Amino acid sequence: MADSSANLFSLEGASFASVPLRIVNEEYEFVDNETLDVQDMVEKLGAYKGKTGTSCPNVADWLEAFGGSEAVFALCITSNLSGAWNAAVQAAREYMADHPERRVCVLDSLSTGPELALIASRLAELSRAGLEFEQIERQIRDYMTTTHLLFMLESVDNLAKNGRCSPVIAKAVGFLGIRIVGRASQEGTLQQLHKCRNERRGMEEVLRELENLGYHGGRVQIAHVFNASAAGKLGAMIRAKWDRAAVEIVPTGGLCSFYAERGGLLIGFEGK
Ligand code: X90
């Protein structure tokens, strides 16, 4: 299972559950599940004057998701920006104390969105291959050292207002057309790499950073916040540069749409 920051609600060939985060203010509570109307949420929040925040799944939410499963891999948004991982670790401890024969492995992605989706899909492959739980754990931890996340954002207002990125980064954007290109740091925080004048410049930096992080034509997932056209353009640029590139484009769910904001792109990929 993965929390809903993965923008993933089902996983081919695997038994999968998404555990929702929530987007909340004094007027609304949006549960980030498959039935959430993200467009409607973004419109309502755009018109809402007060402050909006988010909340992660708690211990009870994770326990409910574990259900009666014998073996679980629980994949979480970076523990440096959310309490989701902490709650999952505690839930796993309780679950295994109550049922010593069951196994839960909680994984801190130190990332979000499409990087989680890649990891989840690799987990599905490993489990289909019929490996033992411990072997899957070893292999997935190896794989996670090779995956990365880049982002290209038009606004970081919601991140800054919720104390999830430095005010310095927040000041850099907000001017017309400016894009912030950055990455999930090794500590699982937002790291700004470039401030770009326009979308084209932003994409050129993304291509350079893909290369810097060891991308050599493996899997890439681009998650976009109502920006299929930019995602398509970037995907084409990646395929033009690496002929073995396997590019997948998906829309963001509620949590990533709230924080990456309209126009934003999140790029998860296999590198070094
Ligand atoms: O627990 C909670 O309330 C959730 C808080 C989540 C905060 C971060 C969400 C980031 C979403 C934004 C751009 C990519 C940042 C990558 C940093 C690791 C996407």
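Visitor: Where is Phe226 found?
Guide: Phe226 is found in the loop between β11 (219-224) and α9 (228-241). Helices (H or I, at least four residues) and strands (E, at least two) are DSSP runs, numbered from the N terminus.

Visitor: What should I know about the model itself?
Guide: This is a predicted model, where local features need pLDDT of at least 70 and side-chain atom pairs count only at pLDDT 80 or more, while totals for chains, interfaces and linings use all residues. Residues are numbered from 1 along each chain as its sequence is written, and side-chain values use heavy atoms, with hydrogens and water left out.

Visitor: Thanks! What is phi of Phe226 near?
Guide: Phi of Phe226 is near 50°, which is a positive value in a residue other than glycine. Phe226 counts as partly exposed, at 35% relative accessibility (buried is under 20% relative accessible area, exposed over 50%, partly exposed in between, with a 1.4 Å probe and protein chains only).

Visitor: And Asn7, what is its phi near?
Guide: Asn7 has a positive phi too, near 55°, and it is a residue other than glycine. Asn7 has its place in the loop between β1 (2-3) and β2 (18-19), and it counts as buried at 11% relative accessibility.

Visitor: On to rings. How many aromatic pairs does a search of the whole structure find?
Guide: The search finds eight. In one of them, the rings of Tyr28 and Tyr48 have their centres 6.3 Å apart and their planes at 65°, so that pair is edge-to-face. Rings pair if their centres lie within 6.5 Å (Phe, Tyr and the six-membered ring of Trp); planes under 30 degrees apart count as stacked, over 60 as edge-to-face and the rest as tilted.

Visitor: Which parts does the Tyr28 and Tyr48 pair tie together?
Guide: Tyr28 lies in the loop between β3 (22-24) and β4 (29-31), and Tyr48 in the loop between α1 (38-47) and β5 (53-55), so the pair ties together parts that are 20 residues apart in sequence. Tyr28 is partly exposed at 22% relative accessible area, whereas Tyr48 counts as buried at 17%.

Visitor: What about Phe258 and Tyr259: how far apart are the ring centres?
Guide: Their centres are 4.8 Å apart and their planes are at 70°, so this pair is edge-to-face. Phe258 is buried at 4% relative accessibility, and Tyr259 is buried with a relative accessible area of 9%.

Visitor: Which residues do ring pairs link into a cluster?
Guide: Tyr28, Phe30 and Tyr48 are linked into a cluster by ring pairs.

Visitor: Now the ligand. Which residues come nearest?
Guide: Thr54, Cys56, Leu81, Ser82 and Leu190 come nearest, of the 18 residues around the ligand (near means that a heavy atom lies within 4 Å). A polar side-chain atom of Thr54 lies 2.5 Å from an oxygen atom of the ligand. For Ser82, a side-chain N or O atom is 2.7 Å from a ligand oxygen.

Visitor: How much of the ligand does the protein bury?
Guide: The protein buries 99% of the 550 Å² that the ligand exposes when taken alone. Those areas come from the Shrake-Rupley method with a 1.4 Å probe.

Visitor: Which strands supply at least two residues of the shell?
Guide: β5 and β8 (147-153) each do. Thr147 is found in strand β8 and is buried, with a relative accessible area of 4%.

Visitor: Last one: is Lys51 buried or exposed?
Guide: Lys51 is exposed, with a relative accessible area of 53%. Lys51 has its place in the loop between α1 and β5, and its C-alpha atom is separated by 32 Å from that of Ala120, 69 residues apart along the chain.

How values were computed: A polar contact is a pair of N or O atoms within 3.5 Å; within protein, one must be able to donate a hydrogen and the other to accept it, and residues adjacent in sequence count only if both atoms are side-chain atoms.
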